[in-house]
Amino acid sequence: MFVKKHDFLSFLEDILQSNLVKDYCPNGLQVDGTDDICSVMTGVTASQALIDRAIEQKVDALLVHHGFFWKGESQVITGIKKNRIKSLLDNNINLIAYHLPLDIHPIYGNNAQLAKVLGLQNVRAHQMAEPKGIVMMGELTTEVDKKGLSELVAAKLARQCLFIDGSSKSRVKKLGWCTGGGQSYIDSFTSADIDVFISGEISEQTTHSARELGIDFISAGHHATERYGVKALGEHIANMTDIRVEFVDIPNPA
């Protein structure tokens with residue numbers, strides 16, 4: 001069985017509603033391929049390694065969080081970009097990418113899925129951050145030793161985390177987070193709001209913000225914190241359609 005590309009894209013758009021989000025790249029279909037979609041490969045980034053796996057598995061579409069054509073990048077199709085796009089076109093593979101819509105979705109979003117992985121409760125969007133859902137707040141079921149929290153995050157995400165001790169607290173419960181490169185959103189909080197802020201990356205100034213705000217900070221990896229949204233979306237596609245879906249994780253320590 002197959003699904004027509006137009007119907008598949010409409011199905012995704014009904015879920016993610018990218019037309020409501022101002023983004024740094026085009027969302028939806030980025031590289032046009034076959035009209036009949038029987039199989040989809042999902043992954044975090046449309047790297048050459050992931051594209052090669054898609055070619056090897058002869059899939060009809062590649063669905064990712066990080067696609068192509070970012071705002072501010074060179075518009076010429078040369079080098080790495082040329083090789084990636086040529087590989088997709090030569091093999092008639094659709095490239096479909098959703099960036100911010102896949103960060104903020106209340107069920108399949110990276111932020112929502114990270115909360116699920118960490119077992120958080122009372123999960124809600126930060127009311128001052130836009131678009132809604134780009135920064136989240138939630139709580140652990142009970143207070144834990146803050147170094148123990150860093151170890152828990154590392155175990156759940158299967159990677160070493162960087163912990164910045166920004167407070168005098170020994171135990172923590174209230175968390176704020178933004179997956180990927182959301183470290184600057186720590187400045188949206190005070191120590192009264194949260195005990196710990198989690199993001200994928202850390203910048204030089206993040207350490208100073210954490211210490212001056214009195215908030216502990218965990219850098220858990222851009223890739224590691226954003227594996228779960230596209231994976232969950234793919235599982236939903238498989239449950240709701242006859243399309244065969246496979247998630248492929250290309251290891252990335254960043």
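**Pockets and strand pairing: worked exercises**

In this predicted model, 21 residues line the largest pocket, and Tyr-24, His-99, Leu-100, Ile-134 and Tyr-185 are the ones nearest its centre.

**Exercise 1.** Describe the lining of the largest pocket by element and by residue class.

*Solution.* Start with the elements. Strand E5 (61-66) and helix H4 (100-104) each give two or more residues to this lining. Next, sort the lining by class. Six residues are nonpolar, nine are polar and six are charged. Finish with the volume, which is about 300 Å³.

**Exercise 2.** Find which helix gives the most to the lining of the second largest pocket.

*Solution.* First, locate the pocket. Its lining has 16 residues, with Ile-104, His-105, Pro-106, Lys-132 and Gly-133 nearest the centre. Its volume is about 230 Å³. Second, list the contributors. Helix H1 (5-16), H4 and helix H5 (110-118) supply at least two residues each. Third, pick the top one. H4 gives the most, with three residues.

**Exercise 3.** Strand E10 (residues 171-178) pairs with E8 and with E11. Decide for each pair: parallel or antiparallel?

*Solution.* Take E8 (residues 136-145) first. Six bridges join E8 to E10, and the two run antiparallel. Here Gly-138 stands opposite Leu-175 of E10. Now take E11 (residues 196-199). Four bridges join E10 to E11, and this pair runs parallel. Trp-177 stands opposite Ile-198 in E11.

Note on methods. Residues numbered from 1 in each chain as written. Predicted model: local features only at pLDDT ≥ 70, side-chain atom pairs only at ≥ 80, totals over all residues. Heavy atoms only, no water. Pairing = 2+ DSSP bridges. 1 Å grid on protein atoms, 1.4 Å probe; cavity = no way out; pocket = protein on both sides within 12 Å on 5 of 7 lines; lining within 4 Å. Points joined across faces, edges and corners; volume = space filled by probe spheres on them. Nonpolar A, V, L, I, M, F, W, Y, C, P; charged D, E, K, R; others polar.
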